[in-house]
There are 2 protein chains.
Amino acid sequence: MTDKSRVLIFDTTLRDGEQSPGATMTHDEKLEIAQLLDEMGVDIIEAGFPIASEGDFEAVSDIARASKNSVICGLARANYKDIDRCWEAVKHARQPRIHTFIGTSPSHRGITNLDQDQMIERIADTVNHARNLCEDVQWSAMDAIRTERDYLCRVVETAIKAGATTINIPDTVGYTLPQESAEIIAMLLEKVPGADEIIFATHCHNDLGMATANALAAVAAGARQIECTINGLGERAGNTALEEVVMAMKVRRDLMPYQTGIDTTKIMNLSRRVSQVSGFPVQFNKAIVGKNAFLHESGIHQDGVLKNVETFEIMKPADIGITETNIAMGKHSGRAALRSKLQDLGFDMAENQLNDVFVRFKALADRKKEIYDEDLIALMSDSAANTGNDYLQVKWLRVVCGSDGQEAELKMLVDGVEKSATCAGDGPVDACFKAVKAIYPTQAKLKVYQVQAVTQGTDAQATVSVRMEEDGRIVTGSAADTDTILASVKAYVGALNRLRVRSQKTAPDADLKSVSYKL
Amino acid sequence: MTDKSRVLIFDTTLRDGEQSPGATMTHDEKLEIAQLLDEMGVDIIEAGFPIASEGDFEAVSDIARASKNSVICGLARANYKDIDRCWEAVKHARQPRIHTFIGTSPSHRGITNLDQDQMIERIADTVNHARNLCEDVQWSAMDAIRTERDYLCRVVETAIKAGATTINIPDTVGYTLPQESAEIIAMLLEKVPGADEIIFATHCHNDLGMATANALAAVAAGARQIECTINGLGERAGNTALEEVVMAMKVRRDLMPYQTGIDTTKIMNLSRRVSQVSGFPVQFNKAIVGKNAFLHESGIHQDGVLKNVETFEIMKPADIGITETNIAMGKHSGRAALRSKLQDLGFDMAENQLNDVFVRFKALADRKKEIYDEDLIALMSDSAANTGNDYLQVKWLRVVCGSDGQEAELKMLVDGVEKSATCAGDGPVDACFKAVKAIYPTQAKLKVYQVQAVTQGTDAQATVSVRMEEDGRIVTGSAADTDTILASVKAYVGALNRLRVRSQKTAPDADLKSVSYKL
């Protein structure tokens, strides 16, 4: 890179983010998120871990084929089989990258049973192999922060000599502080021969709440690639949040004179989509993308002394794509208006898809006077979540609940055959879920159940998310409806459809990422 | 303070946290949270802003009276009336503190129409006045980070000379970076006469995701008081999270050789209570206290290569009070067992309170086989939320919903008189809320509606939170039940009761905090 102030954004929502328990995404969802990331200007998209499962391989391959401007990257452990499989998937991209890694800290060397010299050999060999397949090779020293400093210099030098073009220094356990994060990058730049020829990347986790500061401290010390996810999605406390590092560099350009290629006005839309698809709601006071992030105590807006918005606002809602008013449509809006509005929101669709959405839009508009952007997003997300996997379909539901007990009467199609059941339960949701189980017996356990109103007002649609587990597989189902109970049943059935698809694709344990897969 | 490694924890959950839109707490909730903070070892509790409203004054006074070990602090603007009112409230504490502030940055000087010299005079005068009332006086330079550095030195020197014992340097807009945060503290310690005689405090906001790192950087530079809130509660993106700074200093004692007085095993319990009371759910991947914070991808636990938990865990769940198993009780558990379990969870109650809770516990145990800690917390929170404000009471509910439409039949007591209504609606929740409105007409608007299952399993209790607004007043209502719809109605009615209490206490705008109240 010639421009020393340019910081590359490497998004790993689809790899490290999707790896968090319960955040599993479908093939189509991954493709859609990848397309949005590409359009937003993400430099490198880590699309998955091709050897982990057939599903991961297909997702990375299809994302590579569909890519426009972004580099498409796949993850591989330090062996030929992983690297070859990764190349088979990413090679379809205009700009492919192989990302290979090994744990270099004492406890990780213990796991792989390699001594320091044996590990050096392994790194030289595997990076060289990757480089023979692909010009763009990234190598990561897993748990770099807890690796002996001298040895870290040695492994980095080895990877550079073997042909790595990007060297990533991950804080795998979310353990570092800004000063330490900066010192390590500065040390590597100073001591390692060839360090000025490659790009250093920083990959932080938020276990102590400092991922953003740690990533930016690494950049200040000379790193030029930040690895991050939308909403900070990721295992445990998550990864560095893309929206935080990008906006921090924008707001504090005085102290951080760097540029990214990100169109920040697309941040809010991506945040909403990733939240829906992963089933991870964003908390009200999440930095940048939380509902309250731009909301001041109501007194302020009524306060005559507020002479200047800059007194309290360091960025504008529009900077991240929050528009002033988001009343979108009403019952008289036509197909063309719907198509155009959906395009604004980032949904491009074929004619037959639009037909389906239009029918659902009209049904919603009959029940709800004002249709907001959020309603359309929920509608789209609901339709994406619950089509294509229609082995189980909800046909009809009637529920009685309240002080005198709860009962659900349900009709469902199971592989096209109508079945029905009536069940009592502890609460209307329990009664419904028991009726589903009476029709389609399952051992799956409900782990998380949550409901969020899409907009304000008592007639709002509610989005229901459920997270279910069976044999170590975790899936999320979601659905939106003005009837919370109906949405609950659709979300539950959607999750069962997904579990079924996953159990057909893979043996029970085949898609579990083992401990040595974490960055 | 003689021990240079001791960092004071100043909790402002009840002042800056409670100030966030929608997080309003009742008097009893504030007292309860204050007691828990005191027991956890918080050094200073900022209990409220006594002049803001009669309710704030009473809350600070009662918290002061009940205080054991913590210093109790109240906020006051830079005028005698505020300061006198603050003293009237905090003086009941064993260790009272007056905290007075003024905005020192150019835009804030513009708001108060004071030039630099006039502001110096005002600071000297008001701090001196406070010091004549109270030995422990904290002074804050609001928007310190955006104040000219020379002028910041002048105002700090003035406040010290006038008798301030703690000087707070707030990043009011959440704008700073760790390096800048440290530089300002270091500069003040170096340049301001008398700076070594007082305590510097750091007060950060998380707008760019760096509040934790900024607070710790200030400590590294010499600050010895961190201002923070539980769960990072606060306006916009919130304040520094207490749990993050405390655990970061504990985990990285090698780089941050400081001590606090916090009993970290009480963190998780406080986090849950603050989340319930404020109606702000904690996101899954929130650092330290999120549901996923200690949850690894399930593969890991089954993975033979995991030789050592420290490979991926930098802290243990038990460190913050998450116990291994939390199966609490069943239907055969007696009163003594319930009382003892509730005491473990931080609830002390009188005999008559226990009677009420025991009846509700038995009713729940009849419906739900295993009662977890979370169930008891929900039960307690539900009972705290919905007693005392019983102008409106739900007597009986029957709801029909599903594919063919929704209808709610409701009986309520309004000031002891039974009334009933039957309404159709768009969804069961809408039908119920319309029935409530038919019985008790209100202009209040539903702003937020959310449901979260308390534990796993389809028969779990659900906690419903609603946030409502009327004439600029925002209140939260919450309720728990295995019947989601019944819980929704109880939460809605609870919020209406609170709105009624608030509108009796205050004129429509009297309790709105104006722009100049923010730190």
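How many of the 519 residues of chain A count as buried, as a percentage? The figure is 65%, where buried means under 20% relative accessible area, exposed means over 50%, and partly exposed is in between, using a 1.4 Å probe and protein chains only. Before going on, keep in mind that this is a predicted model: local features need pLDDT of at least 70, side-chain atom pairs count only at pLDDT 80 or more, and totals for chains, interfaces and linings use all residues. Residues are numbered from 1 along each chain as its sequence is written, chains are lettered from A and ligands numbered from 1 in the order in which they are written, and side-chain values use heavy atoms, with hydrogens and water left out.

Let's start with chain A as a whole. Its secondary structure comes to 17 helices and 16 strands; these are DSSP runs numbered from the N terminus, with helices being H or I of at least four residues and strands being E of at least two. Contact here means heavy atoms within 4.5 Å. Take the contacts in chain A between residues at least 6 apart in sequence, and 69% of them join residues at least 24 apart.

Now for the rings. There are 10 aromatic pairs over all chains. Rings of Phe, Tyr and Trp (its six-membered ring) pair if their centres lie within 6.5 Å; planes under 30 degrees apart count as stacked, over 60 as edge-to-face, and the rest as tilted. Phe433(A) and Tyr449(A) have ring centres 6.4 Å apart and planes at 75 degrees, so this pair is edge-to-face. It links distant parts of the chain, with Phe433(A) in helix α16 (residues 428-439) of chain A and Tyr449(A) in strand β14 (residues 445-453) of chain A, 16 residues apart. Phe433(A) also pairs with Tyr492(A): the centres are 3.8 Å apart and the planes at 10 degrees, so here the rings are stacked. Tyr492(A) sits in helix α17 (residues 484-505) of chain A and Phe433(A) in α16, so the pair ties together parts that are 59 residues apart in sequence. Put together, ring pairs link Phe433(A), Tyr449(A) and Tyr492(A) into a cluster. Phe433(A) and Tyr449(A) are both buried, and Tyr492(A) is buried too.

Rings meet charges as well. A charge sits over a ring if NZ of Lys or CZ of Arg is within 6 Å of the ring centre and within 35 degrees of the ring normal. In chain A, the charged end of Arg109(A) sits over the ring of Tyr151(A), 4.9 Å from its centre. Over in chain B, Arg500(B) lies over the face of Tyr391(B), at 3.4 Å from the ring centre.

Which residues lie nearest the centre of the largest cavity? They are Asn206(A), Glu244(A), Asn206(B), Glu244(B) and Lys286(B), out of 30 lining residues. The elements giving two or more residues to that lining are α9 (211-220) of chain A together with α9 (211-220) of chain B. On a 1 Å grid over the protein atoms alone, a cavity is a set of points where a 1.4 Å probe fits but cannot get out, and lining residues have an atom within 4 Å of a point. The volume of the largest one is about 340 Å³. As for α9(A) itself, 9 of its 10 residues are buried, including Ala211(A), Asn214(A) and Val219(A). Just after this helix, Gly222(A) takes a positive phi of about 130 degrees.

Gly402(A) is in strand β11 (residues 392-402) of chain A and is buried at 2% relative accessibility. Leaving out residues up to four places away in sequence, Gly402(A) touches Leu397(B), Arg398(B) and Asp483(B).

Most residues other than glycine have a negative phi. Arg236(A) has a positive one, near 50 degrees; this residue lies in the loop between β8 (225-228) and α10 (242-251) of chain A and is buried, with a relative accessible area of 3%. Asn113(B) has a positive phi too, near 60 degrees. Its place is in the loop between α5 (106-112) and α6 (116-133) of chain B, and at 62% relative accessibility Asn113(B) counts as exposed.

Methods: On a 1 Å grid over the protein atoms alone, a cavity is a set of points where a 1.4 Å probe fits but cannot get out, and a pocket is an open set with protein on both sides within 12 Å along at least five of seven lines; lining residues have an atom within 4 Å of a point. Grid points are joined across faces, edges and corners, and a volume is the space filled by probe spheres set on the points.
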